[in-house]
Each structure stands twice: as C-alpha cells, then as structure tokens.
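Colleague: I am new to reading models like this one. Could you take me slowly through a single part of it, the side of one chain that touches its partner?

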Amino acid sequence: MAPHFRSFILRRLAAAAGLVFVVSSAAVVLARLTPGDHLSEFELSPAQIAAERHRLGLDRPLFAQYVDWLGRLARLDLGESTRYPGRSVAGLIGERVGNTLMLGIAALVLATLIGIPLGVITGRGRADPISVAARGGSVLLLALPPVVLSLGLLFVASRTGWFPVGGLPPDGDAATIVRYLAMPVLSLGLPVAATLERLQSRAMADALRHPSVRAARARGISGTRVIWRHALRLSLTPVLAVYGVITGTLMSGSFVVEYVMTWPGLGRLLYDGLIARDANIVAGCAATGAAFLAVGIFAADAALAAADPRVAEAR
Amino acid sequence: MTRSRAAGASLLLLLVVSSIGAPVLTPHSPLRQFPDFENAPPMWPHLISANGSVRRPFIRPLRMVDRLERRFAPSGIEVPILWFRDGALWSIDETDGPWLPLGADPLGRDVFSRLLYGARLSLSVALMASLAALLIGIVVGGLAGFAGGRVDTALMALADFILVLPAIFVVLSLRAAMPLVLSVSQVFWTLTLVLAASGWPVVARGVRGVVSAERRKEYAEAAKSVGASPWRILQRHLLPATTGLLLSLETMMVPAFVVAEGTLTLVGLGFPVPAASWGSMLRDAWQGSAFTDAPWLLAPAGALALTVLAMQLLGSTAPQTVEPSK
C-alpha cells in the first residue's frame with residue numbers, strides 16, 4: 001500500500017468517526033432542547049411528571065445527560081424508548097436497520113446498473129435512438145423527486161395490482177420481500193440513476209477528448225474497446241467522487257419513500273421519535289444514520305483514491 | 001438563449017402567472033366545499049356539442065348519480081363559459097352545478113382552485129427561503145473568502161458539516177424542534193428559516209470560492225492600492241463577480257425547496273389544514289390513498305415535477321457561464 005494512500009485512508013477514517021460523533025451529539029442536544037417532552041401529552045399531576053422525569057434522568061443538567069448518553073453509547077446501549085414503552089431503542093433500530101439498508105443498497109445497485117452504462121452510451125455524443133431516449137428519460141426522471149415518483153408509482157401499483165401498495169410483511173420469504181421491495185426501490189433508485197447517467201455522460205464526453213484516448217484511437221484500437229476500456233476508466237473518477245454525496249441523497253429519499261410507502265425503516269422510526277418527542281429514539285437513529293453516511297462517504301473516498309492515486313496525494 | 005432555456009423560462013412564467021393570478025383564474029375559493037361533489041372528476045371545456053355542431057367553449061356539469069359508488073354523470077346540459085364576469089376570467093352559470101375544472105378532492109373542494117392558490121404558498125415559501133439562504137450564504141461566504149485564515153477555516157468547516165448531512169433530515173430535525181402545531185403564517189416563517197438553514201452552506205461555499213479567487217486579481221489589488229476600504233472592495237468589486245453563480249444556485253434551490261415543502265407538509269410538519277399548498281394537497285390525497293380512484297388528486301405532484309423541470313431547463317446551460325475563468 002502506498003504511504004500516501006495509507007495516510008489518506010487514516011485521515012478519512014478519522015473524519016468519518018468525527019462525523020458520527022458530531023451528528024449524534026447535535027441530535028442529543030437538539031432533542032433535549034426541544035420544547036415539551038413525551039410526558040406533556042399525558043394528564044399527569046405535576047408530582048407524577050416530576051417523578052417520571054427524575055426516573056428517566058430528564059431533570060438533570062443537559063451536559064450531564066449528554067455525558068450519560070455517551071457513556072451508554074460506548075456499551076451500545078441507546079436507552080429505552082418512551083414512544084414504545086418497555087422497548088429498548090437499540091432493539092427498535094435493530095428491527096428496522098436491515099429494511100433501510102436493503103432499500104438503500106438495492107436502489108444504489110439499480111441506479112448504478114442503469115445509470116452508468118446508459119451514461120457511457122449517451123456520452124459518445126451520437127444521436128442514435130437509444131441515446132436520445134436515455135437522455136430524454138433522464139431529464140424527465142430528474143424532475144421526478146422521490147416524493148413525486150413514489151406517489152406516482154403507488155398509483156400505478158394500486159391501479160394495476162402488479163405490485164403490493166406498500167408495507168412489508170414481517171416474516172416474508174425472499175420472493176415476497178422482492179415483490180414488496182420493487183416499488184420503493186424504483187422510487188428511490190430511478191432519480192439517482194438519472195443523476196448518474198447525466199454525470200457519466202458528461203464525464204465520458206470529456207474522457208473521449210482526453211489525449212490518451214485519442215492516442216489509443218490513433219493506434220488503431222477499435223471504437224468499442226476505446227470506449228469501454230480506455231475512456232470508461234478515465235471517466236470513472238468524477239463519477240466515483242459523487243458516490244459519497246449520493247449516500248446522503250439516498251438517505252433523504254429513503255425517508256420520503258419509507259413514509260409514503262409505509263416501509264418499516266429507520267427514517268420512519270426517526271420521524272415517529274421526533275413527533276413523539278422521544279429523545280432516545282431521535283439520538284439513536286441520528287447516530288445510526290450518521291454511521292451509514294460516514295461509511296458511504298468513506299467507501300466512496302477510498303474507491304476514488306484507489307481508482308485515481310492523485311486524489312490521495314493531493315490532500 | 002438556448003431552446004431548453006426558453007422552454008424553462010416559459011414554464012416558469014406560466015407557474016408565476018397562474019399563482020399571482022389565482023384569484024382571477026380560479027372559479028372558486030380554495031376552501032369552499034361542495035357537498036355531493038366529493039372526489040368528482042374533472043370537467044373539461046368542450047367545443048363540440050352533442051348534435052355535432054361546433055360551439056363556443058362550454059361545460060357539461062356533472063352530478064352525483066350513485067352516492068355509495070361515488071359515481072358521477074353529465075346532467076345533459078351544456079353550460080357556456082362566460083368570460084370576464086364578476087372579476088373572474090372564466091366562469092359558468094352555476095345553477096346546474098359547480099364547474100370543477102380539475103375535479104374535486106375528498107372534501108368536495110375544487111382541485112384547480114386549490115392548485116393555483118397552493119402554488120402561491122408553495123412557490124413563495126421556496127422563494128423566500130432561497131433568498132434568505134442567498135443572504136446568509138453571501139455574508140458568510142464573503143466573510144470567509146475575504147478574511148481567510150482561521151475565520152475561513154471555521155466557517156467552511158461548519159458549512160461542510162451541514163452540506164454532508166442529508167438535507168431532508170436537517171430540515172426535519174429543525175422543524176420538529178419547534179412546536180408541532182403552528183398557524184399558517186408561523187409555518188411560513190418557520191419553513192423559510194429552516195430551509196434557509198439547510199441551503200446557505202452551498203451558497204457560502206460558492207461565494208467564498210469566487211471571492212477568495214477574485215481577491216488576488218489585479219483589479220482588486222488596484223482598488224486596494226488606491227485606498228478603497230475592505231468593505232468597498234467586497235461590495236463593489238468582489239460580490240458582483242458572484243452574480244452568475246448566485247443565479248444558478250437560485251435555479252437549484254427553488255425547486256429543491258418546493259419539493260421540501262411538499263415533503264414536510266406531506267408528512268404532517270408543514271402547512272396545517274385547511275390551507276392549500278401543494279404539500280397539503282398531496283397529504284389529503286395520500287391519506288387513505290384517495291388518489292387511486294381519483295387520479296386528478298395527484299395534480300400537485302405534476303405541478304411539483306413541472307416546477308423542478310422548469311428550473312432545471314432554465315439552469316441547464318448555466319455551468320459554463322458561471323465559471324468563465326476555468
């Protein structure tokens with residue numbers, strides 16, 4: 001491993017850890033500063049409220065609560081939920097984290113499998129029917145954010161009966177899960193596929209003008225090989241650089257899709273926690289989400305540095 | 001101006017005109033409920049009458065024929081559209097039933113009227129928020145780019161931190177940290193602030209880049225050497241260089257914020273009932289999935305998509321004009 005690469009990786013790892021720490025701290029503090037807590041909705045006597053707040057440690061100074069939370073986090077204990085009494089936040093997250101991961105990864109794979117090859121084809125700058133259709137489709141899909149697309153697909157699904165209209169049965173076999181996954185994945189993945197297609201297309205067009213590619217052409221290498229071997233490799237750098245950002249996009253989109261299509265994931269849990277003023281759920285979900293985000297950004301950075309060593313040297 | 005930009009500009013013009021002109025362009029109040037017209041289908045203007053002759057535009061009013069199945073049928077009458085009457089551009093004599101150009105929602109309200117009035121709320125909150133984000137971004141970015149050093153590092157670290165987070169969660173957490181039940185105008189200003197808080201880092205990053213690059217150029221040095229104050233250099237020489245960048249950022253932020261309003265209101269953290277915004281219409285349609293039987297309830301989703309498309313087309317050629325020095 002090149003020394004540049006190693007120090008680059010170490011620095012990015014530190015940044016990832018820092019991100020998780022800062023996000024979860026901000027979430028803990030924000031959730032405790034929020035006016036009202038889960039008790040304000042119940043008709044309890046002031047003494048009862050005080051006793052319950054004391055039991056949960058809510059009457060202690062903010063800083064002490066925060067230190068407490070950090071200490072428990074080190075033991076992977078995220079506290080108990082008030083929204084779902086008697087449940088631990090870690091257990092609630094454990095139930096749903098797989099669903100969100102499945103949705104996000106499937107959408108990312110779908111977007112990559114559609115977006116990158118189409119981008120290579122449109123990036124050649126020819127006006128064949130596939131290119132024209134792909135380009136038009138992308139422009140259209142980019143105007144359909146997940147909130148619009150998920151409602152539209154929900155309509156199609158319920159009209160045609162081809163796919164279930166949301167939710168996920170708890171103990172489904174693989175075939176059932178795929179059927180329930182289809183609509184959410186399309187809602188989340190198609191706009192990302194369009195983004196990737198546009199980026200790949202532009203990167204491809206740039207790569208085809210690169211001296212090394214022109215040199216390869218001049219040596220008599222066939223057009224197909226130049227495009228799929230030489231130019232594609234060159235064009236991957238700017239595209240890989242976006243994958244970190246796309247992790248965030250997928251998480252934003254995932255929240256909407258989970259809500260509209262009642263997909264039992266982390267985004268929906270965070271939302272329930274926010275509405276019910278359940279500080280432990282909010283903090284736990286924020287920490288988990290930040291960890292995913294950090295892993296996504298780190299993986300993208302590492303892949304970028306592996307594909308283009310100059311990236312590691314520059315920083 | 002390229003063809004796609006012209007298309008984007010015309011779409012945008014259409015959106016702006018229909019939201020500003022809502023009181024004149026809509027046949028009804030967005031809040032008025034028509035009993036017996038719940039989920040009524042659209043009533044398009046017709047030109048060819050039942051006997052095959054061409055007439056001036058008319059409407060075939062519908063009436064409910066089956067309450068259980070919510071079935072509607074034309075009443076057989078042809079009511080001509082009246083122009084410029086009672087302060088409305090178009091309307092009909094409604095003795096034989098109301099004109100609902102895009103149908104009615106589950107509460108019997110006119111979808112067309114709600115769509116146009118909703119555009120006012122949805123577009124204005126996005127516009128306000130994007131202007132606020134520009135303002136914050138210019139101040140922070142200008143300061144960072146001009147001051148350099150530690151101020152620059154600290155401000156940009158903060159901007160990068162917000163930038164890296166998924167935007168909807170920033171907006172969601174900030175909004176949820178406020179009281180959940182607010183009035184329409186409170187929600188308007190809350191959303192403006194919350195969206196601006198999530199949007200300013202992009203602006204600050206861009207402005208900082210331009211300012212710190214321009215600061216070292218000859219003309220800025222020249223202004224400094226003849227004794228211009230730092231404030232004057234920033235205001236008269238450096239910030240004008242960011243105009244192209246700000247315009248292209250505006251075409252990115254407005255559609256993002258329109259979608260954000262739609263999302264937040266859809267999940268119940270935006271405008272309260274019965275206010276008409278695109279998000280609240282989507283929420284009404286989504287709850288109980290009413291739109292499976294009444295696809296016209298998805299009209300605001302179309303309006304959202306149209307807004308995003310318009311701004312994308314408008315900004316489509318911007319990158320080259322933004323970075324002339326590159």
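Modeller: Happy to; here is a walk through that contact, followed by a word on confidence.

This is a predicted model, in which local features need pLDDT of at least 70 and side-chain atom pairs count only at pLDDT 80 or more, while totals for chains, interfaces and linings use all residues. Residues are numbered from 1 along each chain as its sequence is written, and chains are lettered from A and ligands numbered from 1 in the order in which they are written.

Two residues are in contact if their C-beta atoms, placed from the backbone, lie within 7 Å. Chain B brings 31 residues to the contact and chain A brings 30 residues. On the chain B side, helices H4 (149-164), H5 (167-176), H9 (243-266), H10 (278-286) and H11 (299-315) of chain B each supply at least two residues. Helices here are DSSP runs (H or I, at least four residues), numbered from the N terminus. Sorted by class, this side of chain B has 25 nonpolar, six polar and no charged residues. Nonpolar covers Ala, Val, Leu, Ile, Met, Phe, Trp, Tyr, Cys and Pro; charged covers Asp, Glu, Lys and Arg; the others, Gly among them, count as polar.

Now for confidence. The predictor gives the complex an ipTM of 0.85 and a pTM of 0.88. For each residue there is pLDDT, the predictor's confidence from 0 to 100; chain B averages 87, and 96% of its residues score at least 70. Over residues 318-326 of chain B, though, pLDDT stays under 50. Where pLDDT is low, the predicted coordinates should not be read in detail.
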